[in-house]
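User: Hello! I have a new structure on my screen and would like to learn how to read it. Could you walk me through a few features?

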Amino acid sequence: MSILGLNKSLKEYTFTVVDTETTGLSPYKGAELLEISAVKINSDFNLDLNNHFTTLIKPEKPIPSKTIEINGIDEKMVENAPLIDEVLPKFAEFAENTVFIAHNAKFDFTFINYYMKKHCVDCKLVCILDTVSITKKFYPNIGRYNLDSLIRYFDINVEIENSYRHRALFDAVNTSVVFLKAIEKMKFLGLDLTLSNLL
């Protein structure tokens, strides 16, 4: 992935909120992507649930039992799923020229970027935003900033059919709501809605 590095009003961008499920903590140690999901937030700061990307991915190696315990994705669920080299070009098309957002974004971006480089897929992004850093900036007294804590703090109750906590689509949607709470706080504080005020 390459970063365009532009800095304009937030209203000039589309946002792609991403979550991944993986077989481990690092692609450099052999961990693979099991699922990628992403939803769009448009320039009016509306979450468009009809415009989303989600797919399971069939890994090359068996799924570790610890991974199955966390996200519930087992071998049977991925036996007919596409391979990573089929998924990445479609994801790149979905996310191209948008602001990439994720909760603990370094983790998700590292995995996606690693496999995009491995499979020679490019996806130009405006920049990367991390909702952990953003919520710490605008809500400094929450205490804990994992996604479960923020879902409770903001009383988020979005039901996603066939999805649940630690599945990529559920987490992407809830991360989107967390991001929109930060935008609300920016408006409340009278801050300019610019990327520089989120970075």
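User: What should I know before starting?

Analyst: This is a predicted model, where local features need pLDDT of at least 70, side-chain atom pairs count only at pLDDT 80 or more, and totals for chains, interfaces and linings use all residues. Residues are numbered from 1 along each chain as its sequence is written, and side-chain values use heavy atoms, with hydrogens and water left out.

User: How do I read a helix, and what span does α7 have?

Analyst: Helices (H or I, at least four residues) and strands (E, at least two) are DSSP runs, numbered from the N terminus. The expected span of a helix is 1.5 Å times one less than its number of residues. For the 22 residues of α7 that gives 32 Å, which agrees with the 32 Å between its end C-alpha atoms. Helix α4, residues 105–118, has 14 residues and reaches 20 Å from first C-alpha to last, close to the 20 Å expected.

User: What comes just after each of these helices?

Analyst: After α4 comes C120, with a positive phi near 55 degrees. Just after α7, G190 takes a positive phi of about 75 degrees.

User: How is burial judged, and how many residues of α7 are buried?

Analyst: Buried means under 20% relative accessible area, exposed over 50%, and partly exposed in between (1.4 Å probe, protein chains only). By that rule α7 is mostly covered, with 16 of its 22 residues buried. In α4, the buried residues are A105, D108, F109, F111, I112, N113, Y115 and M116.

User: What covers the buried residues of α4?

Analyst: Here we use contact, meaning heavy atoms within 4.5 Å. The cover includes strands β2, β3 (33–41), β5 (99–102), β6 (124–125) and β7 (128–130), along with helix α3 (84–95).

User: Let me try a single residue. Where does T16 lie, and is it buried or exposed?

Analyst: T16 lies in strand β2, residues 15–22. T16 counts as buried because its relative accessibility is 0%. Not counting residues up to four places away in sequence, T16 touches A38, V39, K40, F94, A95, T98, V99, F100 and I101.

User: Which side chain makes a polar contact with that of T16?

Analyst: A polar contact is a pair of N or O atoms within 3.5 Å; within protein, one must be able to donate a hydrogen and the other to accept it, and residues adjacent in sequence count only if both atoms are side-chain atoms. The side chains of T16 and T98 make one at 2.7 Å.

User: How many salt bridges does the structure hold?

Analyst: Side chains of opposite charge can pair when their charged atoms come close. A salt bridge is a side-chain nitrogen of Lys or Arg within 4 Å of a carboxyl oxygen of Asp or Glu, and this structure holds 5 of them. One joins R167 and E35, whose closest N and O atoms are 2.8 Å apart. R167 is in the loop between α6 (147–153) and α7, and E35 is in strand β3, so the pair ties together parts 132 residues apart in sequence. Both R167 and E35 are buried.

User: What else is R167 in contact with?

Analyst: Leaving aside neighbours within four places in sequence, R167 contacts D19, E21, E35, L56, N71, I73 and M77. R167 and D19 are 148 residues apart in sequence, yet 8.3 Å apart in space, C-alpha to C-alpha.

User: Which residues are linked in a network of salt bridges?

Analyst: D148, R165 and D171 are. D148 and R165 meet at 2.7 Å, N to O. D148 lies in helix α6 and R165 in the loop between α6 and α7, so the pair ties together parts 17 residues apart in sequence. R165 also bridges to D171, the closest N and O atoms being 2.8 Å apart. D171 is buried at 3% relative accessible area, whereas D148 is partly exposed at 31%.

User: Which residues form the nonpolar patch on the surface?

Analyst: Patches are made of residues with over 30% relative accessible area and no salt bridge: like charges are joined within 9 Å, nonpolar side chains (Val, Leu, Ile, Met, Phe, Trp, Tyr) within 5 Å. Accessible areas come from the Shrake-Rupley method with a 1.4 Å probe, and for residues only the protein chains shown count as cover. F188, L189 and L191 form the nonpolar patch, with about 320 Å² of accessible area together.
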